[in-house]
Amino acid sequence: MTGRDASGTAERAPVAAERMDTPIGPLLIAATEAALVSVSFQAGTDSRGLGQIPQRGVGDDRPAPLEQAVLQLGDYFSGDRLEFDLPLDLIGLTDFRRDVLMRTSRIPFGATLSYGELAAAVGRPGAARAVGTAEGSNPIAIVIPCHRVVRSDGAIGQYGGGSEAKRWLLEHEARR
């Protein structure tokens, strides 16, 4: 989480990260001792602006949230996990983005919502584009399943990991 250094400036707790190979490409997973902060498709940097993060080596100590994220994502990709149970760090997000992402995290495995339906669900009917922007900057991909948000015409829409990754995730969940 965050704290303050001696000058009063916000300071993030130390972050550990690990690269994970998946059926949709490599993910960078980052966590503090308290919570998961990022699951990103960018293998060299994370989506939370934490900069370059060194990969963990085999045998390195991992914070519990990082270890649990790696295990749970592995189970998800193998088809053995339908939902995630991880502490999440959404510090620094606007209230609207946090509301959108928290509602997104409750979309059931295998289900989808349209951007418009999600906008209505967070009390902002007519804000489908703003919802799309919030989803597009989701710092914790897959765990917060923004891939389950689709266009109202049924098209899958855009995705940070690319349209093929989104299609794979939706088909993976539909098979289960």
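Colleague: Leaving out residues up to four places away in sequence, which residues does E173 touch?

Modeller: Before I answer, please note that this is a predicted model, where local features need pLDDT of at least 70, side-chain atom pairs count only at pLDDT 80 or more, and totals for chains, interfaces and linings use all residues. Residues are numbered from 1 along each chain as its sequence is written, and side-chain values use heavy atoms, with hydrogens and water left out. E173 is found in helix 5, and contact means heavy atoms within 4.5 Å. Not counting residues up to four places away in sequence, E173 touches Y76, F109, G110, H147 and R148.

Colleague: Is E173 buried or exposed?

Modeller: Buried means under 20% relative accessible area, exposed over 50%, and partly exposed in between, using a 1.4 Å probe and protein chains only. E173 has a relative accessible area of 3%, so this residue is buried.

Colleague: Let's step back. In what order do the elements of the protein run?

Modeller: Helices (H or I, at least four residues) and strands (E, at least two) are DSSP runs, numbered from the N terminus. The protein has 5 helices and 7 strands. From the N terminus on, the order is β-β-β-β-β-α-α-β-α-α-β-α.

Colleague: Which strands form the open sheet, and in what order?

Modeller: Two strands pair if DSSP finds at least two bridges between them. Strand 3 and strand 4 pair over 5 bridges, while strand 4 and strand 5 pair over 4 bridges. The pairing is antiparallel, and the 3 strands of this open sheet come in the order 3-4-5.

Colleague: How many residues of strand 4 are buried?

Modeller: Both faces of this strand are covered. L27, I29 and A31 are buried on one side, and L28 and A30 on the other. For strand 4 the count of buried residues is 5 of 5.

Colleague: Which helix packs on the sheet, touching strand 3, strand 4 and strand 5?

Modeller: The direction of this helix makes about 145° with that of strand 4; axes are lines fitted to C-alpha atoms, for helices over the stretch in contact, and angles run from 0 to 180 degrees between N-to-C directions. The helix spans residues 64–78 and is helix 1.

Colleague: In the largest nonpolar core, which residues touch the most other members?

Modeller: A nonpolar core is a set of buried Ala, Val, Leu, Ile, Met, Phe, Trp, Tyr and Cys residues joined through side-chain atoms within 4.5 Å. The largest one has 30 residues, and helix 1 gives the largest share, 6 residues. Leaving aside neighbours within four places in sequence, L73 is in contact with M20, I29, V39, F84, I142 and V143. The members that touch the most others are I29, L36, L73 and I142.

Colleague: Why do F77 and W168 count as a tilted pair?

Modeller: Rings of Phe, Tyr and Trp (its six-membered ring) pair if their centres lie within 6.5 Å; planes under 30 degrees apart count as stacked, over 60 as edge-to-face and the rest as tilted. F77 lies in helix 1 and W168 in helix 5, so the pair ties together parts that are 91 residues apart in sequence. The centres of the F77 and W168 rings are 5.9 Å apart and the planes stand at 40°, so the pair is tilted.
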